[in-house]
Amino acid sequence: MSQAVRELEPQSLWNHFSDLNAIPRASKKEERVIAFMQDFGKELGLETLTDEVGNVIIRKPATPGMENRIPIVMQSHLDMVHQKNNDTNFDFDSEGIKMIVKDDWVKAEGTTLGADNGIGVASIMAILKSSDIPHPAIDALFTIDEETGMTGALGLKGGLLNGKILLNLDTEDDDELTIGCAGGRDVTASGKYSPQNCPSNSRSFKLTVSGLNGGHSGMDIHKGLGNANKIMNRLLWSGMENSKIQVAEVDGGGLRNAIPRESVAVFVCNEDECSGMEKMIMRLANQIKAEHKSTDAELMIKLEKADTSESVLPFAFQKQLLGAIYSCPNGIYRMSPEIDDLVQTSNNVARVIIKEGTYTIMCLTRSSVDTEKDDIGAAISGAFASLNAEIEYAGEYPGWAPKPDAAIVKTMADIYEKRFNEKPHVMACHAGLECGILGTNYPEMEMISFGPNIRGAHSPDEKCQISSVQKYWGFLLETLENIPLAD
């Protein structure tokens, strides 16, 4: 199946992407892909170095006649989000991604594809290996751990890069030139409780929320997609209020940067109230599915009997905890008042774990305004204040302030308009890109981000458009040939 991908045009790019996708490369588990990139650079006879955190830099001199152009950095991240459908049997630690071609798209079988940011990595590899693509001097920068903290970009020291213009290949719409992005922060609320024995004369039930589309918690946060953790909490709250159910455990969501697609809860109900509870839950489930029919048509909510639970949350504590999760901000917090259609501040309730005396609620907040990022952190803290929860802030990274007058922005906008007979969308985005972080140690470097159409990033529905890759590739090559002259 992956052989069909290798036959796509441009073949060099797709072959490097296929080679890359054969290597497990989860965030914080990049040892194998780091070694792969080191071997790649050395086999080409190019200067290859790895910094102390694991970023790989491969340098390639300018092609003849391009020596007088501004040296550039081409940058993409090596790690990918590992997500799969519940019914997909796949081991990310040992298997390569199984790719398929369907119409104009490349997808994976039940898992994330890794086009984010593997297409960018493969593009750079193709240029490094080429002998006939004109380009200025290149520092190819392959960062690690972009998806779960951007620690690669955070750990890159000043003075390592020679380039004065950075081309970040991590945008997911081929008509966009991104020149700014939001910053982010991980916020975690956690604590302990004293479980109590299951009430006598009760039955255990398992409630499953699945089939949601999920998606990127920055780029897709404005789409109104269902959040499995918030839907589950709504169901449990209603069950508690109407039928006095008591929760035994909840396990929902996954990575912070992915809108949660699935959640599973176990709870108990007094035998005398089971019939009414089941009807109420399914009635509410149908209402929720109707609310999400245009965004999450495959949403499933299933209630079934479960093995007897040994312990449950105390009822009074349960009400506080479910109330806190209900109150926790999720989705858009504020739109930009200055840039049309740009989400300025948001929060993703990414992970909920309640089990055996402990609870953990993991969020990712994003904002292009640091004070609003602080504000939403305070809102989360306030939601859990009655529980005296421990609030931890981590993984913070800065936003990227737009510079619309930068020379590379004008150059690429002009190339795009002449090439495609339309103006590109020059914009900021709500995702976290590494440019803001890299700019702290390279403040004079001009930066821009672009890429082909990628849909469903961070979910098993991820796919990359073949014709868009061809469009993007031609645009990239023309950009390299027209990098401005050095002073």
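A: The axes of helix H2 (residues 11-21) and helix H4 (residues 115-129) come within 8 Å and cross at roughly 125° in this predicted model. Angles over 145 degrees would count as roughly antiparallel and 65 to 115 as roughly perpendicular, so H2 is oblique to H4. The crossing of the two helices is right-handed.

On the side of H2, the contact is made by Ser12, Leu13, Trp14, His16, Phe17 and Leu20. H4 contributes Ala115, Gly118, Ile119, Val121, Ala122, Ser123, Met125, Ala126 and Lys129.

Two of the H2 residues in this contact, Trp14 and Phe17, also form an aromatic pair with each other. A pair of aromatic rings is described by the distance of the centres and the angle of the planes. For Trp14 and Phe17 the values are 5.9 Å centre to centre and 80° between the planes, an edge-to-face arrangement. Both residues lie in H2, 3 residues apart, which is about one turn of the helix. Trp14 is buried, and Phe17 is buried as well.

The structure holds 11 aromatic pairs. Another edge-to-face pair is that of Phe420 and Phe475, with 6.2 Å from centre to centre and 65° between the planes. Phe420 belongs to helix H10 (residues 407-420) and Phe475 to helix H12 (residues 466-481), so this pair ties together parts that are 55 residues apart in sequence. Phe420 has a relative accessibility of 22% and therefore counts as partly exposed, whereas Phe475, with a relative accessible area of 4%, is buried. Both residues are part of one aromatic cluster, formed by Tyr416, Phe420, Phe450, Tyr472 and Phe475.

Apart from neighbours within four places in sequence, Ile437 is in contact with Met150, Ala153, Leu154, Tyr397 and Pro398. The C-alpha atoms of Ile437 and Leu167 are separated by 14 Å, and these two residues are 270 residues apart along the chain.

Notes: Residues are numbered from 1 along each chain as its sequence is written. This is a predicted model: local features need pLDDT of at least 70, side-chain atom pairs count only at pLDDT 80 or more; totals for chains, interfaces and linings use all residues. Side-chain values use heavy atoms; hydrogens and water are left out. Contact means heavy atoms within 4.5 Å. Rings of Phe, Tyr and Trp (its six-membered ring) pair if their centres lie within 6.5 Å; planes under 30 degrees apart count as stacked, over 60 as edge-to-face and the rest as tilted. Helices (H or I, at least four residues) and strands (E, at least two) are DSSP runs, numbered from the N terminus. Buried means under 20% relative accessible area, exposed over 50%, partly exposed in between (1.4 Å probe, protein chains only). Axes are lines fitted to C-alpha atoms, for helices over the stretch in contact, and angles run from 0 to 180 degrees between N-to-C directions. Angles under 35 degrees count as roughly parallel, over 145 as roughly antiparallel, 65 to 115 as roughly perpendicular and the rest as oblique. A crossing is left-handed if the near helix is turned anticlockwise from the far one by less than a right angle, and right-handed if clockwise.
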